[in-house]
Amino acid sequence: MTMIDPDTTTVTAEEREAILGAVREFAETELAPHAAERDEKHLFPRETLRRAGQLGLGGIYIREEFGGTGLGRVDTVAIFEELAKGDPTIAAYISIHNMVVWMIDSYGDDAQRGQWLPPLTAMEQFGGYCLTEPGAGSDAANIATSAVRDGDDYVLTGVKQFISGAGEAGVYVVMARTGAADSGAKGISAFLVPGDAEGLSFGAPEKKMGWHAQPTRQVILDGVRVPASALLGDEGRGFAIAMSALNGGRLNIAACSLGGAQWALERALQYVHERVAFDEPLAEKQSILFTIADMRTDLQAARLMVRDGAQAVDEKAPDATMRCAMAKRFATDAGFDVANRALQLHGGYGYLQDYGIEKVVRDLRVHQILEGTNEIMRLIVGREMLRPAGSASMRSAS
């Protein structure tokens, strides 16, 4: 399997603050004011996403040669945290889009990169990541979607489940089985399937607890024919490609949890200063102080873990997968818990849509499930810890 290692841009502290300032302004003007309406009406903000592309958010860690920003993962997680303060739903979709773009940049050939990266990095087109299936959730190596070679083509047949952006994407990275049914992970290949391919269709929009502003549907492949040139990387290496993308995806979604929870914490701080109960401001009650202190502490601990995972990816550390898994598990659990406690501090008002807290709680709940459930994150870490003595350095604290 040929993998191109995209160069990353080293930015100064001043440049980093300028980038984050621009992202913060975008989140405050383009995302936050419309988050409640988009959630209520299930509106997918295509034009807003295209403006995000103009800002460089369609290819954050993609090489500049193909329209990307070329940033490292430490800067990337800071960007996603800022985006999620505006709207975790849209921030998470931009994360998924960036995963797809990174896969094409890293594993595609020159023709694939030339065809797909310019419109994707500009977010003139969107990307879809198709791994999960109705009968193979966490057991991703057990997928049944098939890709049968037919002359110079492959014919793809199967159903993908829980696909963000389904029906909106210009290209889907589809994992399909090219090997025997019992070939496991080694029999899976990755394909670039255009959104207008004949035989490609989509299920009805899923009725979800959260993430209302981005569509989630089945992707149905009924004899979809693609040329052999649509194969991404080498045949039989699709599962490895899919898993490699998840390190960054897990960090991004963890950062989205941080941003959403930080927003909820700031609203809780404002509320307890304003609210009086039993002739005393809530902010002066010791139990409230303790709760706020724990929320802030948990978020800071999670933020440090996410940065550590991002640093591991940037440095190509041998234990990067484990550190990303730890960060994803800890940060998404902490993010949901902090948002939920912010709702509790608001009392009955937290349950009302007008305050926005309940939306963030709903949005952050799925982060504990996607990009690998947090139970799977524990399996990754636990298995690494129990490997033979040769991996002792990976089991020690960094």
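Ala, Val, Leu, Ile, Met, Phe, Trp, Tyr, Cys and Pro count here as nonpolar, Asp, Glu, Lys and Arg as charged, and the others, Gly among them, as polar. The model is predicted, so that local features need pLDDT of at least 70 and side-chain atom pairs count only at pLDDT 80 or more, while totals for chains, interfaces and linings use all residues. Residues are numbered from 1 along each chain as its sequence is written, and side-chain values use heavy atoms, with hydrogens and water left out.

**Exercise 1. Describe the largest pocket by its volume, its lining and the elements that contribute to the lining.**

Step 1. The largest pocket holds about 1300 Å³ of space. A pocket is an open set of points, on a 1 Å grid over the protein atoms alone, where a 1.4 Å probe fits, with protein on both sides within 12 Å along at least five of seven lines, and lining residues have an atom within 4 Å of a point.

Step 2. The lining comprises 50 residues, and Thr132, Ile369, Leu370, Glu371 and Gly372 lie nearest the centre of the pocket. Two or more lining residues come from each of H5, strand S3 (153-164), helix H7 (238-274), helix H9 (320-345), helix H10 (357-365) and helix H11 (374-385). Helices (H or I, at least four residues) and strands (E, at least two) are DSSP runs, numbered from the N terminus.

Step 3. H7 gives the most to this lining, with eight residues, and by class the lining divides into 28 nonpolar, 12 polar and 10 charged residues.

**Exercise 2. Work out how helix H5 (residues 88-107) packs against helix H6 (residues 110-121).**

Step 1. H5 and H6 pack at an angle of about 155 degrees, with their axes 9 Å apart. Axes are lines fitted to C-alpha atoms, for helices over the stretch in contact, and angles run from 0 to 180 degrees between N-to-C directions.

Step 2. That angle makes H5 roughly antiparallel to H6, a label given to angles over 145 degrees.

Step 3. From H5, His97, Val101, Ile104 and Asp105 meet Gln112, Arg113, Trp116, Leu117, Leu120 and Thr121 of H6, where contact means heavy atoms within 4.5 Å. The contact of H5 with H6 has five nonpolar, three polar and two charged residues.

**Exercise 3. Describe the packing of H9 with H10, and then that of helix H8 (residues 286-314) with H9.**

Step 1. H9 and H10 pack at about 160 degrees, with their axes 9 Å apart, which makes H9 roughly antiparallel to H10.

Step 2. H8 and H9 pack at about 155 degrees, with their axes 8 Å apart, and H8 and H9 are therefore roughly antiparallel to each other. The contact of H8 with H9 divides into 20 nonpolar, two polar and six charged residues.

How values were computed. Parallel < 35°, antiparallel > 145°, perpendicular 65-115°, else oblique. Points joined across faces, edges and corners; volume = space filled by probe spheres on them.
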